[in-house]
Amino acid sequence: MFTITAVVEGQRITGTPAAFVFPGGESQVTVPASLRAQADAASAFRIHALLKSANDVMQLLMLTDALRRLNPAVPVHLDMPYVPYARQDRVCNPGEALGAAVFCKLINDQQYATVTVVEPHSDVTPALLQRLRVVDAAAFLKNALAAPAFAQGVTLMAPDAGARKRVQALAKALGVADVRYAEKVRDTRTGRITETRVPDDIPDQPVLVVDDICDGGRTFLELAAALGDKTRQPLYLYVTHGIFSKGLVELNARYAGIFTAYDWTDAEGADAPVLVNIEN
């Protein structure tokens, strides 16, 4: 999903580019006519790109080139909430590529004036991306915590070691006193979770599991099963980037509510996640 904003004499003009794929698999994009007409007078362009596939990445590069051909002198800013390949931030097995480094070099080569991302998964991406601005999840999580379910208290739960520092920082920023940490063991060759451990001292109040990404959701399903032996309080889930590639049925069966800033499914109805990104 792409939108473009042009700043013209202090006013923002926003449009959606047309994108299509040729039968051979190649992409093409076209800047909308409303923005093309204002390109000469623009002082800046901003691309908002929610990148869901490799094809989206290619279309971002094409769109960047198209804008620069309209007005080469204007700076182009990139808003990229989700960073593809950020989870490939280390080489786990011989013969693998360092996906985060490959992708970040591709973005750096575009020479954007700024690159704004939301929760980049680890410290590796900020170290690799140039002219970076990072938005943390505090505002989104604050909106989730305003739900009536947490009016009498809540325990934040980090699902694994990778989320520990993130959840600690969010709890401190938002004044949440009760924080607990789970541990998971994963086979690096298969990606399969082999064990999930949770602490025994779970407070008698709702539990909100907090993480940056939910893809297939296996981490959170395994965690919910482990928590079922420790507490009878309802479980809730907050993730900044809700990919939900395996759907929401199993997650909704385990969690009383799901909150996300970016819902990749565009789900609707009672079983859809609650959007907590107030800008959307």
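A search of the whole structure turns up 13 salt bridges, a salt bridge being a side-chain nitrogen of Lys or Arg within 4 Å of a carboxyl oxygen of Asp or Glu. Side chains of opposite charge can pair when their charged atoms come close. Before going on, note that this is a predicted model, where local features need pLDDT of at least 70 and side-chain atom pairs count only at pLDDT 80 or more, while totals for chains, interfaces and linings use all residues. Residues are numbered from 1 along each chain as its sequence is written, and side-chain values use heavy atoms, with hydrogens and water left out.

## Arg46 and Asp79

Take Arg46 and Asp79: their side chains meet in a salt bridge at 2.8 Å, N to O. The two residues are 33 residues apart and link distant parts of the chain, with Arg46 in strand E5 (residues 42-49) and Asp79 in strand E6 (residues 76-79). Helices (H or I, at least four residues) and strands (E, at least two) are DSSP runs, numbered from the N terminus.

How covered are they? Buried means under 20% relative accessible area, exposed over 50%, and partly exposed in between (1.4 Å probe, protein chains only). Arg46 has 22% relative accessibility, so it counts as partly exposed, whereas Asp79, at 18%, counts as buried.

Within it, Arg166 meets Asp211 at 3.2 Å, N to O. That pair links distant parts of the chain, since Arg166 sits in helix H6 (residues 161-174) and Asp211 in strand E13 (residues 207-214), 45 residues apart. Arg166 also meets Asp212 in a salt bridge, at 3.7 Å, N to O. Because Arg166 lies in helix H6 and Asp212 in strand E13, this pair ties together parts that are 46 residues apart in sequence.

As for cover, Arg166 is buried, with a relative accessible area of 14%. Asp211 comes in at 7% and counts as buried, and Asp212 is buried too, at 2%.

## Two positive phi values

Most residues other than glycine have a negative phi, and most peptide bonds are trans. Gln111 has a positive phi of about 55 degrees although it is not a glycine. Gln111 is placed in the loop between helix H3 (99-108) and strand E7 (115-118), and at 49% relative accessibility it counts as partly exposed.

Asp266 is another non-glycine residue with a positive phi, near 55 degrees. Asp266 lies in the loop between strand E15 (257-263) and strand E16 (274-275). At 58% relative accessibility, Asp266 counts as exposed.

## The chain as a whole

Zooming out, the protein chain has eight helices and 16 strands. Its C-alpha atoms fill a box of roughly 60 × 45 × 35 Å along the principal axes. The radius of gyration, taken over C-alpha atoms, is held against a globule rule of 2.2 Å times the number of residues to the power 0.38. For 280 residues a compact globule would have a value near 19 Å, and the 21 Å of the protein chain agrees.

Of those 280 residues, 49% count as buried. Among contacts (heavy atoms within 4.5 Å) with a separation of 6 or more, 60% come from residues 24 or more positions apart. The protein chain exposes about 14,100 Å², with carbon and sulfur atoms supplying 50% of it; the accessible areas come from the Shrake-Rupley method with a 1.4 Å probe.
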